[in-house]
Amino acid sequence: MKYLGVKLDLTTPVLKDDDIVFPAENWFFYWKTSSALWKSKLSSFHWSHRIVVPLYWAYHTDSGDNIDFGSLRQETNLLKLCQVAEEVEKELILAVMIGPAPFLPNGGVPSFLAKDYSKNEMDFMQCFFDSSYQLNKMYSFFSPPVFRAFTNFVLKLGEYLKKERINVDVWGIESGFFEDGLFKSTFFDNSRVFEESFSRFVRAKTSQERSKIHSPEEEDAFRNEFREEIRGLYLKAAEDALSSHWEGLFRYNLLGADSRQFFGRIYQNEDPLAYTKSIFSAFQQNILSSSVLLSSTVKEGPFKIILDKLVQGIHLENYLKEDSYDDSLPSFVFQRFIDFIHFKTPGKEFFFHQNLYELGILPFFYTYYQGSLLFSEFTLEREEEEYDKRIHFISGQNLNDSFFSFMLKIFLNGGRVLLDKTGLDRKFQKKLQVFFLENELDIEQISFQTSLLNAQLGEGRLLIFDGSEVVRFSDQQKHAFWQRLIETFDFLHPKIIGGDDLNIIWLKRFPRSNELQYEEIRRVFICNQTSYKKKCSLKFSKNFVALKVLDEIHSTVQVAQGELSVELMPSGSLFIDFGVFS
Amino acid sequence: MRHERELVVIYGIKEFLSCRGLFVFGFFDRQGVIDSLDIEEILSVFYSSQQVTELMSYSSFLGPFNSKEELFDFVQEFAREKKYTRCVLLTLDEFNIALEQSADAQGILEFIEGHGVLIQTDNSVDKKGLIRGFFG
């Protein structure tokens, strides 16, 4: 049968049983199989001993008053599920959905609450295709009855876990997708219910606050503030109800969920190249990806390697074992050279990225140090962190008191900070001067293309530049400026020449007992998903030793002094390991 | 095998940044959404650079167009230039109904086929196509 020129199968595609219960990256859908089969299913999962179990809210309640955890249906018995997991030596992580979940019918909301469709910023109904092209429609989380029922659900869940003494971690999961390099949450809503709630929010503001709205942009900022506030309420409700189990909120990039892909998927057309780009954007923002919306037939070739080895094998595993004791061999984590930290202002992230392009620092890093960047948000929880050798890039434009203190803390703890003083408030300029005087720091004034200020304290370094001057440089000047500036930070790393259009990611780990001659092991993954043959070269200093090439697919490597030449055919990929000396 | 090249266009009235008018919300074909750069390139064939800037000035939408006829003409020229054999136009309301009433991808395609205004790139408008929603 043909519709709009598309050949459609009249038979429902048959999914393998494993794909149904383990649809993607360590996720287990307990409601898709009988509880009698849980044991055999869980024991057959060999990828990892840690398994994420998204909780399907609608599966546990029909009316909202009674929440079933096994008293009516065994398939809702979470105690049994956890016991079975323990028997087969698996560690479960339960996940509560904060906002609509694109992989569940009605977004996971019980049917008695499925009344008001959620809409995106373009006024399209928020819908997503699952792995068999069934349409899941999302409902607004801005409806007060949804909030009340959600609060009741998490409260009952918390009581149940306590009563049954179930020792399990619980995550909050916020679903979303990447569009134009930015993460968009499915919590976002523009529906009639949202508008009504927003009107009440505006009415509750004082007339003085209301008078601040003069333009559509200011109203948008107000809307974003409201969205964040409501999202915060859901989060707080879950956190309070599940306090002793609560591990925090994890954002998930669901491949195939973005609106561009949605239209292609109407025709059952899949674009693994776009999914790969989305995964790499998520790596850069340390957001987990999931292929739960994609059929297993899409997961082939380099895309499958990326999903298996990087998303599941490294990114998710590192998340899962973050807080648990682990005596296994040192494993790889992402290597980050620069962390572009921005203050979370919804709707403004685009301008932060645009500014980095105009400064020329992003094009510079993309040219030589692809796969080693991080974009992160400053949040108040971001207190304790390891100040490694990465550069922390901070823009002076939207600093507040706590972000400013955080920046000084990085420096005092031996971290490296690169501060663009453009737009830095006078208050902070004065504070900086006082800070330098109080700590008797030797401040070095350097003139290189523009005037720079360099402060050093032990390992810590604070380099201040004026971005408003740098943006006026020619592209060549910008390149020379960043090259020179980055060189002064002395980080040792192979440069990749000609890596445009290739997907590249850098990883690192501590050496194992047979590698103690090295300080660190670095691994690069290079993948060519274009339809052309691609070449690139890796230039490295004497501190690096090329150790081995792994999992070569349609690719060749030639070794020369201090250089590796890599040739990748379409769909080619490989890993290369380096030993690093100091 | 030659695949039919079909363009689907979603349009409607929208108040956007204080401008109320007729906008195109999205062009898509079986490959997904048509890139805005492609649209800009095509616009430059028919419009002056100033008009192109005006039409492309709203990041998410294309427009505003002065009338439905103007919008349909533009879509037809665009489809011809991009070698589409035909295009189907739906209002945003109609498309949302398609989503509401469909259980799967096939259902959406059936709805589009049955409810959209069909424009052949040889200028013939399919009278069987229905106009609902905003322009009822």
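**Cavity, pocket and helix packing**

Strand β4 (91-97) and helix α4 (144-163) of chain A each give at least two residues to the lining of the largest cavity. Helices here are DSSP runs of H or I with at least four residues, strands are runs of E with at least two, and both are numbered from the N terminus. The model is a predicted one, in which local features need pLDDT of at least 70 and side-chain atom pairs count only at pLDDT 80 or more, while totals for chains, interfaces and linings use all residues. Residues are numbered from 1 along each chain as its sequence is written, chains are lettered from A and ligands numbered from 1 in the order in which they are written, and side-chain values use heavy atoms, with hydrogens and water left out.

The structure holds one cavity of 30 Å³ or more, and the volume of the largest cavity comes to about 80 Å³. On a 1 Å grid over the protein atoms alone, a cavity is a set of points where a 1.4 Å probe fits but cannot get out; a pocket is an open set with protein on both sides within 12 Å along at least five of seven lines, and lining residues have an atom within 4 Å of a point. Points are joined across faces, edges and corners, and a volume is the space filled by probe spheres set on them. Among the residues lining the largest cavity are A:Leu55, A:Trp57, A:Val96, A:Met97, A:Phe141, A:Phe150 and A:Phe153, along with A:Gly99, A:Gly107 and A:Gly108. Sorted by class, this lining has eight nonpolar, three polar and no charged residues. Ala, Val, Leu, Ile, Met, Phe, Trp, Tyr, Cys and Pro count as nonpolar, Asp, Glu, Lys and Arg as charged, and the others, Gly among them, as polar.

The second largest pocket takes in about 470 Å³ of space. Its lining runs to 19 residues, with A:Asp19, A:Phe22, A:Pro23, A:Trp47 and A:Lys304 nearest the centre. Here the classes come out as six nonpolar, six polar and seven charged. Both α1 (17-21) and α10 (301-320) of chain A put in at least two residues each, and α10(A) has the largest share, with four.

On its other contacts, α10(A) packs with helix α9 (residues 272-284) of chain A at an angle of about 20°, the axes lying 10 Å apart. Axes are lines fitted to C-alpha atoms, for helices over the stretch in contact, and angles run from 0 to 180 degrees between N-to-C directions. The angle therefore makes α9(A) roughly parallel to α10(A); angles under 35 degrees count as roughly parallel, over 145 as roughly antiparallel, 65 to 115 as roughly perpendicular and the rest as oblique. Contact (heavy atoms within 4.5 Å) involves residues including A:Tyr275, A:Ile279 and A:Phe283 of α9(A) and A:Phe303, A:Leu307 and A:His315 of α10(A). The contact residues split into 11 nonpolar, two polar and no charged.

Helix α12 (residues 361-368) and helix α16 (residues 475-487) of chain A pack at about 70°, with axes 9 Å apart, and are therefore roughly perpendicular to each other. A:Ile361, A:Phe364, A:Phe365 and A:Tyr368 of α12(A) meet A:His479, A:Trp482, A:Gln483 and A:Ile486 of α16(A). Six of these residues are nonpolar, two polar and none charged.
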